[in-house]
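Here's a quick briefing to read with the model open beside you.

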Amino acid sequence: MGATIISPTFLSAYLLLLCLVCSLKEGYALGRRATVAESHHLEHSHTIQVSSLLPPSICSPATKVLDKKSSLQVVHKHGPCSQLYHHDKANIPTHAEILLQDVARVKSIHSKLAKSLGSTKVDQTDAANIPAKDGSVVGTGNYVVTVGLGTPKKDLTLIFDTGSDITWTQCQPCAGTCYKQQDPVFTPSLSSTYSNISCSSTTCNSLASATGNTPGCSSSACVYGIQYGDSSFSVGIFAKEKLTLTSTDVFDDFLFGCGQNNQGLFGGAAGLIGLGRDKLSLPSQTASKYKKYFSYCLPSSASSTGFLSFGYGGVSKFVKFTTLTTISQGTSFYGIDIVGISVGGKKLPISASVFTAGGSIIDSGTVITRLPPTAYTALSSEFRKLMSQYPKAQPLSILDTCYDFTKFSSVSVPKISIFFRGGVEVPIAAKGILYVNTISQVCLAFAGNTDDTDVGIFGNTQQKTLQVVYDGVGGKLGFATGGCP
């Protein structure tokens, strides 16, 4: 039988069909690759409406009902949910001023951790005697809660700070000066449960570790003094009083500072609650009830509300724990081990030794997270690469990676995660990645330390919307996403 000869017309048509099939396959493969790349991009980035970057000027409190039994509402002291904001709008600091105060706080923390704690004798009537000594300073924070003090109870709005130990409020009479505060100044003579601590008591002597200053004595009453990183200070009588956290959680003989000479940038708050690890801190003084267990959630913006809860109630079942460590010379701070960072789904090639050189702490009062410069350079470099489609803007104080979003209605920002010891990945909320001055100046909300051996600080901007859980007895720190809006 002779070989079959394919006609030229059929051959041409067949070859054309083959080419068409090849093209379709190639097109499908290209399309699939593009779809995979696009889904990878969407999976590892936040799409943010530019209009949502600036917080509204009205308060939108969280709708989630708190466990009222042991929870306090948290608000930003400069936002519309705070009475302090309405009390003194004219003196709300600019973002540049807030960041300068943050620099002062971080410097003071680094100085305190870099050398032995200095000790200074305190004089009740002369606050100038408390030197601006690096060994005795930490800073104040941005978030406030309201508690009751005395009998009858007087409500006071206080800054809460995990980097401080002693709780204090301004008191009448002001022997020196008292700054302007929103609440009436506490008057101990009108409370039936107030009493001074004697300067010869062991309780008085315990002030040295909590304040960095040796206590003084005035008419046999114990005198405390503490100075903060921004040169704010409080000096007064160390005393005990009834503390009312909630209607059901009341503590007799709570040790606190009754400040008679106070100056500083407290934003109209009546004083400060110390949530540190010293025995005079609030978690330590209430340990018989709460077992040094507390949690908080800082809201995504100054126009919303968060919470501060004591005890085991209300803790997310999805919380992931890492181990708390102790920083030498800074036993009051909550030490943590950062082991890595990812940007846009990619783990940055940073050696573990970069993070261990100085160690790290978590701090509710530091605004911007501070990283070892080696780690920050890797983070900002990758972030800039993924944000190359947006025009750059001028740096804002310590923030050097800034963008102008004025011509955009929405932007795509790479996701960032911080990794802690024990395989704990903490994804940073979209509002925790950016620090917004104006729409034309939106910055990456991280900064580098001067040296890799400086202690790293996990700051409050990056903690936004996370439920952060402190287990002092168990020596653990936990994180859960979606703690508050």
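Buried means under 20% relative accessible area, exposed means over 50%, and partly exposed is in between (1.4 Å probe, protein chains only). What you're looking at is a predicted model, where local features need pLDDT of at least 70, side-chain atom pairs count only at pLDDT 80 or more, and totals for chains, interfaces and linings use all residues. Residues are numbered from 1 along each chain as its sequence is written, and side-chain values use heavy atoms, with hydrogens and water left out.

**Salt bridges**
- A search of the whole structure turns up 9 salt bridges, each being a side-chain nitrogen of Lys or Arg within 4 Å of a carboxyl oxygen of Asp or Glu.
- One of them pairs Asp161 with Arg105 at 2.8 Å, N to O. This pair ties together distant parts of the chain, with Asp161 in strand 5 (residues 154-161) and Arg105 in helix 3, 56 residues apart.
- Helices (H or I, at least four residues) and strands (E, at least two) are DSSP runs, numbered from the N terminus.
- Asp161 counts as buried because its relative accessibility is 0%, and Arg105 counts as buried because its value is 2%.
- Lys153 and Asp155 also meet in a salt bridge (2.8 Å, N to O). Lys153 is partly exposed, at 45% relative accessibility, and so is Asp155, at 41%.
- Asp337 and Arg421 make another salt bridge, again 2.8 Å, N to O. Asp337 sits in the loop between strand 17 (330-336) and strand 18 (338-343), while Arg421 is in the loop between strand 25 (416-420) and strand 26 (424-427), 84 residues apart.
- Asp337 is partly exposed at 22%, and Arg421 is partly exposed at 39%.
- Shared partners join Arg105, Asp161 and Asp363 into one salt-bridge network.

**A buried Glu without a partner**
- Glu241 belongs to strand 10 (residues 233-244).
- Glu241 is buried yet has no salt bridge, and the nearest side chain of opposite charge, Lys242, is 7.6 Å away. For charge, Lys and Arg count as positive and Asp and Glu as negative; His and the chain ends are not counted.
- Leaving aside neighbours within four places in sequence, Glu241 has contacts (heavy atoms within 4.5 Å) that include Phe186, Tyr194, Asp252 and Phe254.

**Pocket lining**
- Strand 27 gives the largest share of the lining of the largest pocket, 4 residues.
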